[in-house]
Amino acid sequence: MKMSRRPFDCAKNRWRLCLHCTRGTFFDLLDRHSATRSSAISRREAAAAFHYARSTPIDAGSCGIRRHNFQRAIELMEQGRGQQWSLASRLRTPLEDLMSTNPNIAHKFSELSKRLADIQGSTGSADRATADRAAMQYRRLQEEWGAVVAKIRDLKGFSRFLLPPSYEDLQAAARHGPVIIFIASKYSCSAIIVPTSGEPHNVPLPSITLTELKNLKDRFARAIRDASTLGPKVPRNDLIVLLRTVWDEIMLPIVNVLEHVLNLKHHSRIWLCPTADFTSIPLHAAHPFLTKPDGSGKEPCLEDLYICSYAPTLSALVRSRQLMKKRAPPSFVAIGQGQPRAGESKELLAVDSEIELVRKIVPATVNRTTIFGDVQQLVPVTVNRTTISGEAATRAGALQALEESNWVHLACHGKQDSEQPYNSHFVMKDEPITLLDIMEKDIPQAEFAFLSACHTAVGDKETPDEVIHLAAGLQFSGFKSVIGTLWEVNDAYVEHVVKAFYENMFKGGVMDCTKAAWALNRATHAVKTKVPLEQRMVFVHIGV
């Protein structure tokens, strides 16, 4: 009996339909639907209504991989992930090229973008009538803004203005090292490596399924929680088993491609871009925990081989690189709040000494890269150093310091709101600084932030691919390089990491935010005998 091939042909057509229609229809409609909402919270609620489609960007990427169309897979995932940040960032689009081509339309676009951004606060008013009027005004402005965007796309060289980025656009994220996208789909788990140039490389991860990844995520949460109850010298056996699994089943196949296909030199930088349940796995800490066959020492772990950073999305990393052009005289503020108002949080006894430690390490004079014509030179400059703590570390005082300083160290309680991630916040003396407060700030000259607080780089469980957390908010507001935390920070150990970090960061007297990933890598190696494993793993670098 001859079997019909029609079912197989239908399956093939469904994959083709997925690749073309998903991008052209669903993501575009969801984007337009969300854009009509006038506040970040209402946009998230609008997107959350499509809860049945949360996995669509990653499933579409997996579809592209099955069709061996890796560039399209990357484009689809980038278009569908981080939509809340994408919508917000449109109102802060750099306009230098447009300004030189058509200054009138550039000014009109800039004016409407500012008005749209300003009106968002009014739509959250407790007064219903005021909120309704603001929402109506927002929709009118949105229509006018859309008409201006259409006119800009008619200009020569601007046909793709604010359209989803192409692979060529996204590859700019890998300018200083490959970006590895981790794909967790019900169809398959894999990774795509975006190299500095050339075609992307697909790395299948056949040893792990989405179900196993979810189980691994839950086991990590338990192991981290249990480790916090152990003494500093007690072996973290459960964590070691899990990190060995991450090495064997996830990172080792990727390292093999980096070493033997891309010929990437050891101690080069790499960026990790996890999706879905991969966002809850400490990929940077992957470790074989094995002795070399000849007994000459330990097998290297991932951070022995490469300098790891994270990227919420490729577009976020590209945007941070673009903003690197905006430089200002160096200013450093250390903000500490260890004694919040009564009933808010427990006292943090080590904050004042941490702030004092940072103040002593940050030099009064540093070398900064300055461009003279086509030549880069290191020029000595004075650093404006400030500390804010105790009664002065209020919401208003800290927000003002964030706007006025391009380097920030923040030591306080960090609170993740699992129900409404935009309400995640830093605890100050009077009122908290929320993620929404941070997002409202536009600080293009900002460079580096060290968030010495709990849970600052953790998104919410319901929408992990939106990457809504405090560290991402600082990056969005303008900070190109951010140190954040994946879980609770122990006050007894943080000072060791902070000290080692800044000693490496300012080694040689240079003030350069692109050194942060290297400085963190060196710091966590330096404190191995003083700080337990889970408190070294907790810190991650995000950005350039």
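Residues are termed buried when their relative accessible area is under 20%. By this criterion, buried residues account for 53% of the 544 residues in the protein, the model of which is predicted. The secondary structure comprises 20 helices and 16 strands. Of the contacts between residues at least 6 apart in sequence, 75% join residues at least 24 apart.

Helix α7 spans residues 103-119. The buried residues in α7 are Ile105, Ala106, Phe109, Leu112, Ser113, Leu116 and Ile119. These residues lie on the same side of α7, because the arc that they cover around the axis is only 170°. Asn104 and Lys114, on the other side of α7, are exposed. The packing partners of the buried residues of α7 are α6 (96-101) and α8 (128-153).

A helix pair is formed by α10 (residues 210-227) and α11 (residues 237-260), whose axes come within 9 Å and cross at roughly 150°. Angles over 145 degrees count as roughly antiparallel, so α10 is roughly antiparallel to α11. The crossing of the two helices is left-handed. On the α10 side, the contact involves Leu213, Leu216, Arg219, Phe220, Ala223, Ile224 and Ala227. These residues meet Asp238, Leu239, Val241, Leu242, Leu243, Thr245, Val246 and Ile250 in α11.

Conventions:
Residues are numbered from 1 along each chain as its sequence is written. This is a predicted model: local features need pLDDT of at least 70, side-chain atom pairs count only at pLDDT 80 or more; totals for chains, interfaces and linings use all residues. Side-chain values use heavy atoms; hydrogens and water are left out. Helices (H or I, at least four residues) and strands (E, at least two) are DSSP runs, numbered from the N terminus. The expected span of a helix is 1.5 Å times one less than its number of residues. Buried means under 20% relative accessible area, exposed over 50%, partly exposed in between (1.4 Å probe, protein chains only). The arc is that of the directions from the helix axis to the C-beta atoms. Contact means heavy atoms within 4.5 Å. Axes are lines fitted to C-alpha atoms, for helices over the stretch in contact, and angles run from 0 to 180 degrees between N-to-C directions. Angles under 35 degrees count as roughly parallel, over 145 as roughly antiparallel, 65 to 115 as roughly perpendicular and the rest as oblique. A crossing is left-handed if the near helix is turned anticlockwise from the far one by less than a right angle, and right-handed if clockwise.
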